[in-house]
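Dear colleague,

Please find the structure for your study below.

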Amino acid sequence: MSNDNIFNLSDDELTLAQAKNSDKNRLGFAILLKYFQLESHYPKHLKYIDTLMLNCIANQLNVLTSCIDDFDWEGRSTKRFRTEIRNLLGYKKATLDDVDKLKEWLIKNVFPNNVRKSQRIEHAYEYFQSQKIEPFTSKELMKYIQSAHQKFEQQLFDSIHTALPDNTIKMMDSLLVDDSEIDDYEQDGNEFEIRFRQLKQDIPGAKLKNVALAIQKVNYLKKLQLPKEFLSNLSSKLINKYYTRVLTEHPLNIRRHEPSIRYGIFSLFCYLRSQLLTDGSADLMMQLIHKIRTSAENSVDKKILSEVKRVNGKFDILCSLSMISIENPTGIIQEEIYPTVSKETMCDIVKEYNSKGRWYEHQVHKKMHSVYSHAHRKILLTLLEAFVFETNVNDSKPLLEAIKVIIENRDSTDRYYPKNILAPIKNVISSEWDGLVVFNEKTDKKIHRINYEIAVLQELRRQLGCKMIWIEGALRYRNPHDDLPKDFEENREHYYNLLGLPINARDFTDPRKKQLHESLKALNDTILENDKVEILEKNGGHIKISPYDPQAEPPNIKKLHEAIKEEYGTISLIDVLKESELDIGLTKKFHSSATRESLPKETLQFRLLLCLYGIGTNTGLKCISASNDEVKYADLKYVKRRYITVEDVRQAIVEVVNKNLEIRDPRIWGTATTGVACDSKKISVWDQNLMVEYHARYKGRGVMVYWHVEKKALCIYSQLKTCSSSEVGAMIKGILDHCTKMEVNKAYMDTHGQSTLGFGIGELLSFDLLPRLKNIYEQKLYYPSVGKKDEYKNLEKILKYLIDWKLIEDNYDEAVKYGVALKTGTMEPDVFVKRFSSDNYQHPIYKTIVGIGKIGKTNFLCRYLMIEELRIEVHEAQNVVERLNSIMGFIFYGKLGEISTNIRRDQELAIVCLHLLQACMAYVNTIIFQYILSRPEWQNVLTPEDKRALNVLFHSHLNPYGLFPLDLSTRLGITGGNSTVLGEDQAIEAIEEEEFV
């Protein structure tokens, strides 16, 4: 339905409006009526009315829009109109009796999901609409919502507190003792006395004492008798909220709360902290197991390079050997061959070729034995003993038995296990290790103890990654059944509607069969006339695409940049952040983790901006405080600890991005896009933490920053990931979690950012994957049925397999369940991708989603090969995100671009603050571009090539260096961004701030 249609008045509504005594009242009544129908409340001012609504309704009434200018939105006529609207729509006026019902509804349905304050208002209006009640005023409604939220928190904390035994309360009290003077590693004995400060710390690295402390912390938290059944039913967002609040508190401040709040909120922290520490320990175990092989392979490679000289002219020598052998078949080697090719050269060739194949694997296994037994065995067995492994798969139960055998015999010094110990082999030891683990001597079978442990750990890593094995008490490594929505069976129809999918499997597959056939048929019919695409015979079908012609250079962009620099000179980067704040008010998204706020609004605003700039440029708070006499380093540290969280920075980013999209002039930037380009960039980080890994492609250790960027270089989402984690998972997460007003239904990425599994999830979640395929030459197509294969004669060389429609239909419901888990956030995309990796290729859901992905990928390839414009579009999008990667060093220049912390949440905070500065730069640049282009001399100057090259990350007029004084009383003098019209959300926030802060 178009926007014009939703503003249409019915015949009865039109009659009622035209019955009013003046054009002003007719238009005012009609707007009140239509606004109430759409928003469930009345507007307070003309500035809240959409211009399209005003024009549409005025045209229906045949009146001028200007007649509404002096309408009294709170006058007696308005009150009479509201009564008529209630009677027309069958609504009643809200009374005090409805307050308690509203509170109970909010407590039961809204607050458990930890929705934002603005969303609480929206949900309240939805409630009033469903009950046909005219809502309270915004001011009254905010009071009732605040009161209901306080009641919800009190009920939550009371429920947890009353379930805690006395012993657990005593243990919590001991954790909250002020330990600021205690050093972590200066306590006597082998056991550390756990305190809150140690509890907040992550595992710093793979050392035995670090692992021992982490396990001790987990064991201590497990001794707390928390109401886990109650806590497990709470939403993850709600638990995370209170976890973050406790994380920023000092023990003294926590102890100041009344008992129910103190123990309730601390129980939530301990519950999640135990899971995260278990996850961290499991991550460490997985990394160490992987490191055994990689270290061994690197060592063997170095040994080969040092011992074996590469033989110059090797192939000429081999050719000479062949010719001598043919010419002298009965000759003596010493007389015929050695004069031409010396014995030493022959030995070098043998050594070089022996370095490949089975010999190489044997050397790697030998080195793995050494690395494991001398370096990692103690840590890994300590971790192995600390975890409680479980499985839902019968074939994985022998692996659990094997783990028990290893733990029971960890102190043994024998080379082989005793005969009375039955160590499982089947479904435990892979064929790669079979000959190194099991030795048959006459009638006896011996099992090599160390090799058995290594083989079991390698298999454990594989099965734990795809959740055939899971860990009790973990979060990401938990029971895979807990990743799925628990109420799927009861709310099946709701969840299918959430994804926009039909409930019947045939209704899903039939349109895709038709679309797949049409795509293949269209490509088949046009491929011979396509002079840019050719299918060659080599390698069983080889796709060749000719490069497209270079695009024309933009003739006026350089002049535009010069005009901007002439108008504004050099702008300090901190003034860009300040200008965005004064226009948008992004600091309103930051709230104290404490129960109340005491800093004056202006002081808090000033310090927040300095903190965000110091973190986002990586220059640090100490450097920023030195440039501003009004603030001290300790003040900035306090504000960072109390107010700045990753979640709040993300909300500020959303505000800036949404405002940027709102102010864009479509004549300059074109119509709104629905696609994002995705790519990652490696960044250096201190390496005493589990996030840092070696990157095989970029070389060196670090972490990856993954961006989601729309086509005009505006970044809508950023995230931190490890070097080895899946880019497909990161791509899915950004599309699901970006929270901006941009509707994303296309994702552009490089070859390593896509997979057939990703195409399958795209089909289930209704977005298109558009990758730039480096290996396009080896891509294959899938066809819908054997009977129609003959219709694609021109594609025969690249047609691969038939789509298994029965498999998809049989497992369609289960596949949708995983799509819902991703959509609702009960399962992390990275966990999903790991579970359904090639290690779990026999899983029916993996086969189903990959089968769906083959359909989507074939449809994409057909369009990609047929349409050159699509190929250009994909390449353009990837070039944009590469541009963003290059701008990162310009902003994040402090400390040579290295994140100097081992704390993961601080690493994430640095990245999102960098993203916020990028978004502010894009916002200010958008205003500047539009202002310059609005001048008469620039009217109709830009060509299509200029508009294509227009980029909001232009920065030659910006300076991030030097001192960073912040003056909130001055402005840059740019125009076009500061709108006097507040949205309803901003109005509500203003009321809330006035009443409660």
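Setting aside residues up to four places away in sequence, Glu134 touches Phe36, Tyr42, Arg82, Arg86, Tyr91, Lys92, Lys93 and Ala94. Please bear in mind that this is a predicted model. Glu134 itself is found in strand E2, which covers residues 133–134. Is Glu134 buried or exposed? Its relative accessible area is 6%, and a residue counts as buried under 20%, so Glu134 is buried. One of the residues that Glu134 touches is Arg86, and the side chains of Glu134 and Arg86 are joined by a polar contact of 2.7 Å.

Which residues does Leu457 touch, not counting residues up to four places away in sequence? They are Ile289, Tyr372, Leu380 and Leu384. Leu457 can also be compared with His290: the two are 167 residues apart in sequence, while their C-alpha atoms are 9.4 Å apart in space.

Two pairs of helices may be described in turn.

The crossing in which H3 passes H4 is right-handed. On the H3 side, the residues that meet H4 are Arg26, Leu27, Ala30, Ile31, Lys34, Tyr35 and Leu38. On the H4 side, they are Met53, Leu54, Ile57, Ala58 and Leu61. Sorted by class, this contact of H3 with H4 has ten nonpolar and two charged residues, and no polar ones.

The second pair is helix H35 (residues 812–824) and helix H37 (residues 844–866). Their axes are 9 Å apart, and the helices pack at an angle of about 85°. Angles of 65 to 115 degrees count as roughly perpendicular, and H35 and H37 are therefore roughly perpendicular to each other. H35 contributes Glu814, Ala815 and Tyr818 to the contact, and H37 contributes Ile845, Thr848 and Ile849. By class, the contact of H35 with H37 has four nonpolar residues, one polar residue and one charged residue.

With kind regards

How values were computed:
Residues numbered from 1 in each chain as written. Predicted model: local features only at pLDDT ≥ 70, side-chain atom pairs only at ≥ 80, totals over all residues. Heavy atoms only, no water. Left-handed = near helix turned anticlockwise from the far one by under 90°. Helix = DSSP H or I, 4+ residues; strand = E, 2+ residues; numbered from the N terminus. Contact = heavy atoms within 4.5 Å. Nonpolar A, V, L, I, M, F, W, Y, C, P; charged D, E, K, R; others polar. Buried < 20%, exposed > 50% of the residue type's maximum accessible area, 1.4 Å probe, protein only. Polar contact = N/O pair within 3.5 Å; in protein donor to acceptor, adjacent residues only side chain to side chain. Axes fitted to C-alpha atoms, helices over the stretch in contact; angles between N-to-C directions. Parallel < 35°, antiparallel > 145°, perpendicular 65-115°, else oblique.
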